[in-house]
Amino acid sequence: MPPSRFTSNPLELWTYLGPATFSGDVPSGIILSDKKLADWNFANMNMTLGAGIHYRFHRQFETKQSLSLLQFSGNDAWYKVEANRGRNLNFRTRALEWSSMLIWSPVHWDVQRRNHHHHLYIGSGWAILVFSPTAEINGAYHKLRPLGTEGQGIDRGKNVYSKSSLNLPAVFGYRYKLNDDYVIGLELNVRKSFSDYLDDVSTTYTDNDNLRKERGDVAADLADRNQDGKLRAKGVSRGNPGAKDNYGCLLLTFAYFLGR
């Protein structure tokens, strides 16, 4: 029996890359901040790259499994409002994400195979992000989670935050079929995170002298970097715990039909 129209080549191997954006307590990116094109450099670039497998099990539905490397960066110096720059925090977070999604498209590739080239799709599912925020001081980057910059592991009620987060993804995409083997496209991804620590900023300042005693000079210097030189008292707001961190990316995709 010949293969069905939607299982003749159900597997696609994907690769993708593109810029990422971040929404949290520290501004990130050109659009959301005062960051200029001249501020971009490879070390602080917000970016995503990865690969994945699509499996089509129905004319209009497929599953998407992806593994991505991501980097987000931000700096209070990029705030549009000068009064907000005094906190003087910065971060660079590198992360690994595994996502699993269900994709729906109104038209299937095998419909009018010889002349059908355009493909729109949407999808959602779940994702796991493992992340490690760092910050730069005196020319060197330091991992922030072990330092407890807001008193995590030191102050009562402030536990060390998890280095992983469950996220809810949504994807919107367009692909163009070059031939029976190759496809290129653009894909917009957005992620709703359940962590507020992708940039290591969430709640309040801790007692800086006690932090210096417990975790050392680097921890204390990175916890309170206010430009006026005055240390903030314990309990003063450092971030906004009411809003979780979110991120997204715009990807250039390249796919190859397997099993032809």
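Here are a few exercises on the chain above, each with a worked solution.

This is a predicted model, so a few ground rules apply: local features need pLDDT of at least 70, side-chain atom pairs count only at pLDDT 80 or more, and totals for chains, interfaces and linings use all residues. Numbering runs from 1 along each chain as its sequence is written, and side-chain values use heavy atoms, with hydrogens and water left out.

**Exercise 1. The overall layout**

Work out how many helices and strands the protein chain has, and in which pattern they follow each other.

Solution. Start with the elements: helices (H or I, at least four residues) and strands (E, at least two) are DSSP runs, numbered from the N terminus. That gives two helices and nine strands. Now walk along the sequence and you get β-β-β-β-β-β-β-β-α-α-β. Next, check the contacts, meaning heavy atoms within 4.5 Å. Among those in the protein chain with a separation of 6 or more, 76% are between residues 24 or more positions apart.

**Exercise 2. Strand partners of β1**

Find which strands pair with β1, and in which sense.

Solution. Two strands pair if DSSP finds at least two bridges between them. Take β2 (residues 47–56): it pairs with β1 in the antiparallel sense over nine bridges. One spot to look at is G18, whose bridge partner in β2 is T48. Then take β9, which is also antiparallel to β1, over 10 bridges. Here E12 has F257 as its bridge partner.

**Exercise 3. Aromatic pairs**

Classify the ring pairs W14–Y121 and F22–F91.

Solution. Rings of Phe, Tyr and Trp (its six-membered ring) pair if their centres lie within 6.5 Å; planes under 30 degrees apart count as stacked, over 60 as edge-to-face and the rest as tilted. The count comes to eight pairs. For W14 and Y121, the centres are 6.3 Å apart with 85° between the planes, which is edge-to-face. W14 is in β1 and Y121 in β5, 107 residues apart, and both are buried. For F22 and F91, the numbers are 5.1 Å and 55°, so this pair is tilted. F22 lies in β1 and F91 in β4, so the pair ties together parts 69 residues apart in sequence. Both F22 and F91 are buried. Zooming out, ring pairs link F22, F72, F91 and Y247 into a cluster.

**Exercise 4. A loop lysine**

Decide whether K244 is buried, exposed or partly exposed, and list what it touches.

Solution. Locate K244 first: it lies in the loop between α2 (217–223) and β9. Its relative accessibility is 38%, so K244 counts as partly exposed. Not counting residues up to four places away in sequence, K244 touches S23, K192, S193, F194, S195 and D196.

Notes. Buried means under 20% relative accessible area, exposed over 50%, partly exposed in between (1.4 Å probe, protein chains only).
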